[in-house]
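Student: I would like to learn how to read a few features from a model. Can we go through them one at a time?

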Amino acid sequence: MSLAHTAFLALEFIASYHVSRRDPSGRATPMQCARAWAAESRMALWVFCWQQPFRSQAVPDHLPVSSGRRGVVLLHGFLCNRGFWNPWLQELRATGHAFIALDLEPVFGSIDHYVTVLDQAISRVTAATGHSPVLICHSMGGLAARAWLRSADAARVHRIVTIGTPHRGTWLARFGRTANGRQMRIDDEWIRQMDSAFGSEVPFTCWYSNCDNIVFPTSSATLPGADNRLAAGRGHVEMAFVASLRQQTFALLDE
């Protein structure tokens, strides 16, 4: 385990702890942060050094004709690819659900650029299943889903699930220099436009953590009127691989 890697993550957790100290959703205890830091150090290495560079195509998109079951479109976050979702894709395939896991490109482009490929994926999953799909999104992927929603027919999706999405921006994005990084800054004009266009046409389930080392302060990953669910004591990447979170999310497919 790289010392530089763990040290950099430690700085993120320290920043999250201090920035969230007055957040209405509360902040974690020092013990929660320490546990989340250790878990995130392991999980981030597994995702960024194995799953994404070497196994991004390990589980191909699955579009069985007339499966009769609701399908899923999965959207990854910043600096990620579809390999992020491999455990989710394996379980979806085993249970017979159609799915498309997107690669959001260009990697450093505007989040608005991802709307077209998302729209196409929604149409393909709907055509295969006969049902409007659920969108499952990690981090920036949730903002891509909301960008699509601004100009789309909301009835085309059944529900949007976000995991650690900076709905109100994140403090850490002040250091971002890419187009999509700047868009995730707190109080950025793009974020404000997104908020002004937000309605309740589609049910949202928003997973958030009091130990998120990327998206903070804590409440920035929640939305008013949404089904906001706390994944207590989990880091930003680790949160997406908590078995109970995945099972509760899959249960939404049958609602």
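Student: Which residues form a nonpolar patch on the surface?

Tutor: Phe48, Leu79, Val107 and Phe108 form it, with about 350 Å² of accessible area together. A patch takes residues with over 30% relative accessible area and no salt bridge, joining like charges within 9 Å and nonpolar side chains (Val, Leu, Ile, Met, Phe, Trp, Tyr) within 5 Å. Areas are Shrake-Rupley values with a 1.4 Å probe, and for residues only the protein chains shown count as cover. A salt bridge puts a side-chain nitrogen of Lys or Arg within 4 Å of a carboxyl oxygen of Asp or Glu. This is a predicted model: local features need pLDDT of at least 70, side-chain atom pairs pLDDT 80 or more, while totals for chains, interfaces and linings use all residues. Numbering starts from 1 along each chain as its sequence is written, and side-chain values use heavy atoms, without hydrogens and water.

Student: Is Phe108 buried, partly exposed or exposed?

Tutor: Buried means under 20% relative accessible area, exposed over 50%, partly exposed in between (1.4 Å probe, protein chains only). Phe108 is partly exposed because its relative accessibility is 46%.

Student: And is Leu9 buried or exposed?

Tutor: Leu9 has a relative accessible area of 6%, so it is buried. Leaving out residues up to four places away in sequence, Leu9 touches Trp37, Glu40, Ser41 and Asn213 (contact: heavy atoms within 4.5 Å).

Student: Which residues of β3 are buried on each side?

Tutor: In a regular strand, side chains alternate between the two faces of the sheet. In β3, Val134, Ile136 and His138 are buried on one side, Leu135 and Cys137 on the other. Strands (E, at least two residues) and helices (H or I, at least four) are DSSP runs, numbered from the N terminus.
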